[in-house]
Amino acid sequence: MKLQFKIGSVFSDVKILLHQGKQYIPDVTGVEVPGIFRGRPVITAAAAGAVAGAGAAAAENQELMELCPTGAISGDPLCIDMGKCVFCGECQKLFPHRIRFTKDYKISSLTRDGLIIREGQDVPVVPDPGLVRQEIRKYFGKSLKLRQVSAAGDNSCEWELNAAGNVNFDMGRFGIEFVASPRHADGLVITGPISKNMAGPLQICYDAVPHPKMIILAGTDAISGGIFAGSRALDRSFLEKYKVDLYIPGNPVHPLTIINGVLILMRCK
Amino acid sequence: MNAIPIKNNQTLKIQDIPVFPYEEFLELNTGMASDVYLHCVNYFGHLLDDHLRLYCCMADDTNGNILISSAVINPGSGLPIPSFTARHFAFHVFERELHENFGIQYTDHPWLKPLRYSHNRADLHSEIGNYPFYRIESEELHEVGVGPIHAGIIEPGHFRFICNGEQILHLEIQLGFQHRGIEQLFPEKKTLLQRNILAENIAGDTVIGHTVAFADLWESLCDFKAGDDILYARTIASELERIAIHTGDLSAICTDVAYQLGSAVFGRLRTPVINTFQVWCGNRLAKSLIRAGRNPYPVTPDIADALNRLFDAYEPDLNEMYQRMKTLPSVLARLERTGTVTQEQAERIGAVGPAARTSGLIRDIRWTHPYLRYGHIPHQPIVKHHGDVYSRTQIRKQEISQSIRYIRNLIGEIPGTGITNSELKAPMANAFVLSLTEGWRGEICHCAITDSAGDLILYKIKDPSLHNWTALALAVRNNDISDFPICNKSFNLSYCGHDL
């Protein structure tokens, strides 16, 4: 009887496994995101869209700039800064002839400037591997251990970083893993706009990571402060001191954006 | 004179809120709090030129009113005043905030410690690095400090344990690391869209809970009657968020007792739920779904279809995994009788949401102060009585099933198109408004005050975690320190919702 019971239990585990089937996404670098996704934006030049003259186009640009809740839209010709954009999609809703968000989730950049999308530009963000630091290329090709620091994040980017490691996205297949101690880490992933109250712990954590080390900013809040930019409760001086190696935009960052972003650093040989 | 009763999401003129002498104000509100179904949903101060006006909001769960009263005090006088907390402990967090932000001194507050080290606190010498931890002098006891940075991808907070061997005698939780000054940003950001996005970013795991509170509040302030399609979409979104996070929590609970199969299966079951949000509005956490005064993503037959298909596939897998987990002695041994909160404790600390309901204390805004479509559902809260980790696991599973039932019923009757919603008017001047919602963690309360021009001058947010962190501190007493992670996960409280 006892043996029978045990076999029965094993069977129910096997049954569960069978019912789950294969859950991992085979190709996380090429899969399409379901439904609506607001990834890399494309701005149509005013001349092509506007019926009226230059004055009307300028007025429209002004409206777009005023509409954007985080000042991500600016300039003439128009630009969208994905490091400031919260991907709310309101500009696309009101000015569909000017702004369109594509489903391209490969939007991470090695430079801050690489996050700025200019009018008429509709090409994937292609990072220049030459920009990756020599020591990163040398040491971190096969595996990457990262320590995450939530510095006043709203727990949405933290969520998605966790999701990147779940059975669906399975970031571990590339040797990318989040570790418990900064001593075991090759770099920091920072989320959140960095509050005054977290500035000290963040610095201590960074100092504890052995050299050579990298810094990755995940999410609009971390990259620019996002909707919190200008709050008196923030202290972003940490970012003035060190070079950032990777910017992953999003509000929150999508797991596919995270994985493809980090892969830039690992596949730069 | 009595406190003025309002309904959930009702705006009233500031001048209609009665002002009491402080002693009477104290008697009135602490007197009410002696009835367990009359609890405080918000108590805060508004600093005007030379005086501080205190507003106390008591929710009467029996007849669905919220009783508002106020008092005026002079914080500059430096004279200590008697505390609410000495009469009823549930007020402790609110008075700690008043002390921290305005320097109010109390004669008899038993635990007057910093709450979140807000950037505009009265005493800037009080810093997050020198928090006055409770200590016990002893040769036998030892202290364990954990955080603010933890061993996973989690928000920051510091936990200080006093242990006798492996057993926890006392836990003190120090928060504030996530403070972004969000309440101050509300009046500073001038456009409605900016404020709407601020509300989405209060707590990224409770986007719907907080944003619905903001949207309902703003619409009330602008005398906007939301059409049925808006209420309908928001109700479905609220329940879908509950399903998503509860599923993730079941996975996290399995992770913390090292039950790999449960962790992986519940973890992957969350994915199609949040992906449905993405199909619906373009964001896995439902950011951009809720907008005050409009319905940017109405529920279409396609969305209803996607939800039906989601549940058809999700429910059998969830049930199968949950039934399996329930039969495993090695899992149950870690969950049962671990981290117990008694009903008496839950009442004393003013616990809310599932944390209260698992200790036999029925607090559920959907039931007592219905908003959106909850008046018509009709909703019956799920109640448990053991107050342990297992109860908090069971309630998640049962609430998931309940929410699926509600959504399945709702999508049977999509409100027709052609509903015209009125335009948002300007916010009412000199007004006070309060909004309550039941997020998956429990009761969320937003309050706002406008000036004579109708400009927003005060915005107050209360996340359920504000109360429930104390429940965690009590739950772990006399438990092994190795059970702390599972106790913590069983509450899954918000750091950013607390720190604001």
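Reader: How many residues does the contact take from chain A and from chain B?

Author: Two residues are in contact if their C-beta atoms, placed from the backbone, lie within 7 Å. Here the contact takes 50 residues from chain A and 50 from chain B. This is a predicted model, in which local features need pLDDT of at least 70 and side-chain atom pairs count only at pLDDT 80 or more, while totals for chains, interfaces and linings use all residues. Residues are numbered from 1 along each chain as its sequence is written, and chains are lettered from A and ligands numbered from 1 in the order in which they are written.

Reader: Which element gives the most to the side of chain A that touches chain B?

Author: Helices (H or I, at least four residues) and strands (E, at least two) are DSSP runs, numbered from the N terminus. H7(A) gives the most, six residues. Elements that each supply at least two residues include helix H1 (2-20) and strand S6 (144-150) of chain A.

Reader: How do the residues of that side divide by class?

Author: Ala, Val, Leu, Ile, Met, Phe, Trp, Tyr, Cys and Pro count as nonpolar, Asp, Glu, Lys and Arg as charged, and the others, Gly among them, as polar. The side of chain A that touches chain B has 23 nonpolar, 19 polar and eight charged residues.

Reader: What domains is chain B divided into?

Author: Domain bounds come from an automatic or database domain assignment. Chain B has domain 1 (4-115) and domain 2 (182-499). Their contact takes 25 residues from domain 1 of chain B and 28 from domain 2 of chain B.
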